[in-house]
Amino acid sequence: MEQSTQEIIEREKKAELSCYAKRPFVAERGEGAYLYDKEGKKYLDCVMGHGVGNLGHCHPKVVEAIQEQSKKLISCPEVFPLVVRAQFEELLLSIAPGERLRKGKVFLCNSGTEAVEAAIKLARVAAKRTGFVVAMNAFHGRSTGAVSLTFNPKYREPFEPLIGPIKRVRYGDAQAMENAIDDSIAAVFLEPVQGEGGVRPAPDGYLQQVRELCDRHNVLLIMDEIQTGFGRTGKMFACEHWGVSPDIICVAKSIAGGLPCGAMIAREGLDFSPMQHGSTFGGNPMVCAAGIAAISAIKDEKMCENAAEVGAYLLSRLKEFETSKKLVREARGKGLMLALELKQPSKEYLLRLISNGVLALPAGDMVLRFLPPLMLTKEQADGLISALDKVLE
Ligand SMILES: Cc1ncc(COP(=O)(O)O)c(C=O)c1O
């Protein structure tokens, strides 16, 4: 007998550890910019799997690549060389931001936090130092190393003691960064646009200053582009807006069209020794095939360009709320990584948006975050604006 939405919600609640704040519907299928629930209701999806769905749901080229690869080989450890893996790694290197990264090497893993773990370990062995400078409000993941870099005390403090030393500085303040760098520091970790921390783009000039002082103090610059990567901000990688190339870049989320995958790309001259790091699932053939299809589609279908154009349009419409809605403090973001900061907690408005057929996510307590697919149309952007217009009263 078919179960009701409420019954399914209760089943998950009973079977799962209590990590997540569940939304009040049961998802069933996705197509392009829309998610459908089991009752057939359609939602404009501006959560997109927390930024996994840059290509939208079930992009046909990704579906086809998964189908074809699944007939040949589903699983294969890294120790057995694979054509599809070599192709995926070369493709990642070819689009990496900066000459020295393009001449570098890739480590494939399965998530964002694993890409960050790989970067922590590589920075420590390369620099022979243990410390990191990170930004306040940074989010770098939840595994023990990555959560040490993450700012929110709620995520971090229950698990202390964590790795260190970690120095936390104000995002956007290059002088504070310079003051924090000493002989203990292996690397600086930064998001070019802070995501979970409130959708805050780096102030102009900041990343260039940080790059310069990392060079001067012989410290590695690690860019976390897990949320900002693969066209999200209107360029393939957000650091390209400022012409800055890191020593190491961490990517994940939309890298493989929706399949679980992460990667760390390290510039030439940086490498692990054999057996220093590894992953059973890393470089999985299904994921590599999906990744090639996804990145090729982003390039061929000019998704970065669309994200830049429709993102600028959507931001201008969101900005109108700064004057028309008392509740709105600020609209901000880059490309299709956008947010509205409210003067009240955003939770209630997220639920009201769901009732109006729009899925959004929080970024801290007061912020509504929108991560729609990169091929969002202006009409769909207008649909989001109409829903917001209704709920922000
Ligand atoms: C900037 C950033 N870094 C790291 C992570 C962690 O990625 P994952 O959830 O795949 O481990 C996230 C996830 O939201 C993120 O946005």
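Predicted model: local features only at pLDDT ≥ 70, side-chain atom pairs only at ≥ 80, totals over all residues.

Modeller: The shell around the ligand holds 15 residues, and the closest are Ser111, Gly112, Thr113, Gly141 and Gln227. Residues are numbered from 1 along each chain as its sequence is written.

Helix α6 (residues 112-127) gives the most to the ligand shell, with three residues. Helices (H or I, at least four residues) and strands (E, at least two) are DSSP runs, numbered from the N terminus. By class, the shell has four nonpolar, eight polar and three charged residues. Ala, Val, Leu, Ile, Met, Phe, Trp, Tyr, Cys and Pro count as nonpolar, Asp, Glu, Lys and Arg as charged, and the others, Gly among them, as polar.

Now the helix pairs. Helix α11 (residues 285-300) packs against helix α4 (residues 83-95) at about 40 degrees, with the axes 9 Å apart. Axes are lines fitted to C-alpha atoms, for helices over the stretch in contact, and angles run from 0 to 180 degrees between N-to-C directions. The pair α4 and α11 is therefore oblique. Angles under 35 degrees count as roughly parallel, over 145 as roughly antiparallel, 65 to 115 as roughly perpendicular and the rest as oblique. The crossing of α4 past α11 is left-handed. That label applies if the near helix is turned anticlockwise from the far one by less than a right angle; clockwise is right-handed. On the α4 side, the contact uses Val84, Arg85, Gln87, Phe88, Leu91 and Ile95. They meet Pro285, Cys288, Ala289, Gly291, Ile292 and Ile295 of α11. Contact means C-beta atoms, placed from the backbone, within 7 Å. The residues of this α4 and α11 contact are nine nonpolar, two polar and one charged.

α11 also packs with helix α3 (residues 60-72), at about 155 degrees and with axes 8 Å apart. α3 is therefore roughly antiparallel to α11. Their crossing is right-handed. From α3, the contact takes Lys61, Val62, Ala65, Ile66, Glu68, Gln69 and Ser70. From α11 come Pro285, Met286, Ala289, Ala290, Ile292, Ala293, Ala294 and Ala297. The count by class is 11 nonpolar, two polar and two charged.

Helix α12 (residues 303-324) and helix α14 (residues 378-391) pack at about 20 degrees, with axes 10 Å apart. α12 and α14 are therefore roughly parallel. α12 passes α14 in a right-handed crossing. Val310, Tyr313, Leu314, Arg317 and Phe321 of α12 meet Lys378, Ala381, Ile385 and Leu388 of α14. Seven of these contact residues are nonpolar, none polar and two charged.

The loop between β17 (367-370) and α14 holds Pro372. Pro372 counts as buried, with 29 C-beta neighbours inside 10 Å. Buried means 20 or more other C-beta atoms within 10 Å of a residue's own, exposed 12 or fewer, and partly exposed in between, with C-beta atoms placed from the backbone. Leaving aside neighbours within four places in sequence, Pro372 contacts Ala33, Asp45, Cys46, Met48 and Leu336. Its C-alpha atom is 9.3 Å from that of Ala307, 65 residues apart along the chain.

Ile181 sits in the loop between α9 (174-180) and β7 (185-190). Ile181 is buried too.

Conventions: Contact = placed C-beta atoms within 7 Å. Near = placed C-beta within 6 Å.
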